[in-house]
Each structure stands twice: as C-alpha cells, then as structure tokens.
Amino acid sequence: MFKKIFGSKGGGAVAPPSSTPASANRTINTIQGLKDSEETLEKRKELLEKRIEAELEKAREYTKQKKRPQALQCLKKKKLLQTEVDNLDNMIMRVAEQRMLVEGQRTTVEVVSALGNAAQSTKANLKVLENVDEVMDDIDEQNAQFSQIQDRMGESANVDNDEFEQLYADMEAEQLDAELLAPAPVPTTKVPHAPMPSVPTGLAAPKKKNQGELELEALEAEMAA
C-alpha cells in the first residue's frame, strides 16, 4: 500500500491521496450530523428515565392506597418505557461507534496525504540536488571570472609609488633641518632656592653668678661708698 502511495525505485510515485474540499466538507458534515443524532438520543433517553421514575413513584402511592389495578398499570408503563430506553442505549452506541469510525478515517486520510506530499517534495528536492555538481561548477566559473575582472580593474588603477617615496624623503629632510636650526628652548621651570640658615633673634640669657661673685660685688659697693 505504501509503495502505491509513495512510489518505488522501479517506477514513479503515485500522486498522494488528498481530500478535496467537497469530500472534506462532506466528512465534517457527517461527523456533525452523527454528533447531533447522539445528542438527540441522549435527550430522549433522559426524558424517558424521568417518566420511568414518575411511573414508579405513582405505583408506590397506589400500593400504599391498596389500589392494585392502578399500581399494575403504572408498572406496565414503566416496563414499556424501560424497553425504549434500552433500545435508545443501543442506538446511541451505534451512532457513537460510527462517529468515531468516520473521525478516525478522516484523521488517517489527512496523515497519509501529508506523508504523500512530503514524499513528493523530497523526491523533487532530490531531483534538484542531482545537478549540484553543475551548479557548483557554474559558481566556481563565475567567481573566477569576477576575480579576473577585479584584478584587471586593480591593474588599471595602479600608480608608480617611487615619486611619492621621494616626496616623503624630501619632507623628512626639511623637517630635520628645521629642527636643527631652531633655537634651543629656554627652560621655564624655576630652580628651587636652598633654605638659608636661621639667625637667632633673641639675646643670650645672662650667666648665673655664684655666691662668691655676689659677695665680691657687695664688698666693692661698700668700698665705693
């Protein structure tokens, strides 16, 4: 099956199955219709279950009142309703199974279609890559031609640098002569002065006299008097 979808080495790949918009819409409508039917059956079942409960309650009341015929009638209705509920359960199950089946088929078709498209894209890409050697050769040839053009344009723009080297040497010589003829610069930094020795400004303290010198001065004063 997968060989038919994705192809084989011996032959071309078959176009992958793809759901047309019409078929996709039909599938969606079918799934939605099954969902609606399932909901309708569920609502019908819920209503019947309420009626069964009501008939059972009535049968209990008639039994308390000793009304046997009425109680039996309610029980018969309850049985009929229960039979219909059982049929609804079977129908709900069938509808749910069919809905899940269609949903599964839709998912499978989408997956297989995506895989088939991927296989076709891969095959087309490989077909392009078969010519990779030719493409690379063309690129190398174009690069070589472009390099030749750039080299040719660079040659036409080349100039003789000897003239500029001589001009630069002359400028260096002029600069050296200017530096040699310039006067020596005068230093502007002040030389720090050495500190002068300090001169004592106060008088020397008188020498203290001893006791003998004091007695001698007193004696000289008496004789002078």
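Here is a walk through the fold, from the whole chain down to a few single residues.

This is a predicted model, in which local features need pLDDT of at least 70 and side-chain atom pairs count only at pLDDT 80 or more, while totals for chains, interfaces and linings use all residues. Residues are numbered from 1 along each chain as its sequence is written, and side-chain values use heavy atoms, with hydrogens and water left out.

Start with the big picture. The protein chain has six helices and zero strands, where helices (H or I, at least four residues) and strands (E, at least two) are DSSP runs numbered from the N terminus. Reading along the sequence gives α-α-α-α-α-α. Of the chain's 225 residues, 11% count as buried; buried means under 20% relative accessible area, exposed means over 50%, and partly exposed is in between, using a 1.4 Å probe and protein chains only. Contact here means heavy atoms within 4.5 Å. Among the chain's contacts with a separation of 6 or more, 73% are between residues 24 or more positions apart.

Now look at the pair α2 and α3. Their axes come within 8 Å and cross at roughly 165°; axes are lines fitted to C-alpha atoms, for helices over the stretch in contact, and angles run from 0 to 180 degrees between N-to-C directions. That makes α2 roughly antiparallel to α3, since angles over 145 degrees count as roughly antiparallel, under 35 as roughly parallel, 65 to 115 as roughly perpendicular and the rest as oblique. The α2 and α3 crossing is left-handed, a label used if the near helix is turned anticlockwise from the far one by less than a right angle (clockwise is right-handed). By class, the contact of α2 with α3 has 20 nonpolar, seven polar and 16 charged residues. In that tally Ala, Val, Leu, Ile, Met, Phe, Trp, Tyr, Cys and Pro are nonpolar, Asp, Glu, Lys and Arg are charged, and the others, Gly among them, are polar.

What sits in the largest nonpolar core? It has 11 residues: Ile31, Leu34, Leu41, Leu48, Ile52, Leu81, Val85, Leu88, Ile92, Val95 and Val102. The elements giving two or more residues to this core are α2 (21-64) and α3 (68-129), and the largest share, six residues, comes from α3. A nonpolar core is a set of buried Ala, Val, Leu, Ile, Met, Phe, Trp, Tyr and Cys residues joined through side-chain atoms within 4.5 Å.

Leaving aside neighbours within four places in sequence, Leu48 is in contact with Leu81, Glu84, Val85 and Leu88.

Beyond its neighbours within four places, Arg99 is in contact with Ile31, Leu34, Lys35 and Glu38.

Finally, Tyr62 is in α2 and counts as partly exposed at 24% relative accessibility. Past its neighbours within four places in sequence, Tyr62 is in contact with Lys67, Gln70, Ala71 and Cys74. Lys66 is found in the loop between α2 and α3, and has a positive phi of about 65° although it is not a glycine. Is Lys66 buried or exposed? At 74% relative accessibility, Lys66 counts as exposed.
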